[in-house]
Amino acid sequence: MRRRIVGRTAVTAGLVAVTALIGGCGIRTTSVPVDAGAAPSRVPCSVTQDGTTGTPVQGVPVRVFLVCGSQLEAVDRRSLPEEKAGGDPVRTASGLLAQLLAEPSESEQRAGYTTAVRGPLVVGRGHKGDPAGTLRLSRQPEDLAPTALSQLVCTFAASSAGAGGQTVLLAGPGAYPPKRYRCTTELRERPESTPPTAPAPG
């Protein structure tokens, strides 16, 4: 029995000593859980307001979706020529595709942005009989990397090349009919998943 008492006394003394050391270091002990917030992220996913390295660029504002932190994040740029910024959906889509194929700017790379879209890849008009607004890629959409296709879908759907309602009508070069691809919150959060589709209007 005496050994147990001595053992408990030693443990208690040890705890008191540790508490004293903590107090001596200026750390206030508390029994209440403290919410310190989320851990700071090493990847800010934020660039300069014009989305460039700071050098003035001619053009009109456009928005593309790049990969950052395993998600799709919208980046505003000012480097799409006037003639590709609106009016003709195919020219708009072609300009946006060029933006996605290009390496991110220095400021975008520092912020953690990348692109999964790889060439060779071009976009053109739909075939005869396709619904209005159809865009035909030089490769089947299903053959692209899922993240690359998600970038294309969200970028096109958010522009005048889209089909409305955050959707875009896409198809490949073959005889397969186009599909309506939708950019959703879930897709932006998990771009490696397959973009949701629906039959194109007849």
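## Close-up views of a predicted model

View 1. Helix H4 (residues 146-157) lies across E4, E5 and strand E6 (179-182), at about 125 degrees to E5. Lying across rests on contact, meaning heavy atoms within 4.5 Å; axes are lines fitted to C-alpha atoms, for helices over the stretch in contact, and angles run from 0 to 180 degrees between N-to-C directions. Helices (H or I, at least four residues) and strands (E, at least two) are DSSP runs, numbered from the N terminus. The model is predicted, so local features need pLDDT of at least 70 and side-chain atom pairs count only at pLDDT 80 or more, while totals for chains, interfaces and linings use all residues. Residues are numbered from 1 along each chain as its sequence is written, and side-chain values use heavy atoms, leaving out hydrogens and water. E4, H4 and E5 make a right-handed β-α-β unit; right-handed here says that, with the strands pointing away from the viewer, the path from the first strand over the helix to the second runs clockwise. Helix H2 (residues 89-101) lies across E3 and E4, running at about 175 degrees to E3.

**View 2. The open sheet and its strand E5.** In the order E3-E4-E5-E6-E7, 5 strands form an open sheet with mixed pairing. Its edge strands, each pairing on one side only, are E3 (123-125) and E7 (197-199). From one strand to the next, the twist averages 40 degrees. Two strands pair if DSSP finds at least two bridges between them. E4 (residues 135-137) and E5 (residues 167-171) pair in the parallel sense over 2 bridges, with Arg-136 opposite Ala-171 and Leu-135 partnered by Leu-170. E5 and E6 run antiparallel and are joined by 4 bridges; Leu-169 has Arg-180 as its bridge partner in E6.

**View 3. Which way do the side chains of E5 point?** Thr-167, Leu-169 and Ala-171 point one way, Val-168 and Leu-170 the other way, and all are buried. Buried means under 20% relative accessible area, exposed over 50%, and partly exposed in between (1.4 Å probe, protein chains only). In a regular strand the side chains alternate between the two faces of the sheet.

**View 4. The largest nonpolar core.** This core has 34 residues, and those with the most contacts inside it are Leu-135, Leu-152, Phe-156 and Leu-170. A nonpolar core is a set of buried Ala, Val, Leu, Ile, Met, Phe, Trp, Tyr and Cys residues joined through side-chain atoms within 4.5 Å. H4 gives the largest share, 7 residues. Not counting residues up to four places away in sequence, Phe-156 touches Ala-93, Leu-96, Leu-97, Leu-135, Ala-161, Gly-162, Val-168 and Leu-170.

**View 5. Two disulfides.** The structure holds 2 disulfides, each a pair of cysteine sulfur atoms within 2.5 Å. Cys-45 is joined to Cys-68 (S to S 2.1 Å). The torsion about their S-S bond is about -95 degrees, so this disulfide is left-handed. Cys-45 is partly exposed at 22% relative accessibility, whereas Cys-68 is buried at 2%. The other link joins Cys-154 to Cys-183 (S to S 2.1 Å), and with 90 degrees about the S-S bond it is right-handed. Cys-154 lies in helix H4 and Cys-183 in the loop between E6 and helix H5 (185-189), so the pair ties together parts 29 residues apart in sequence.
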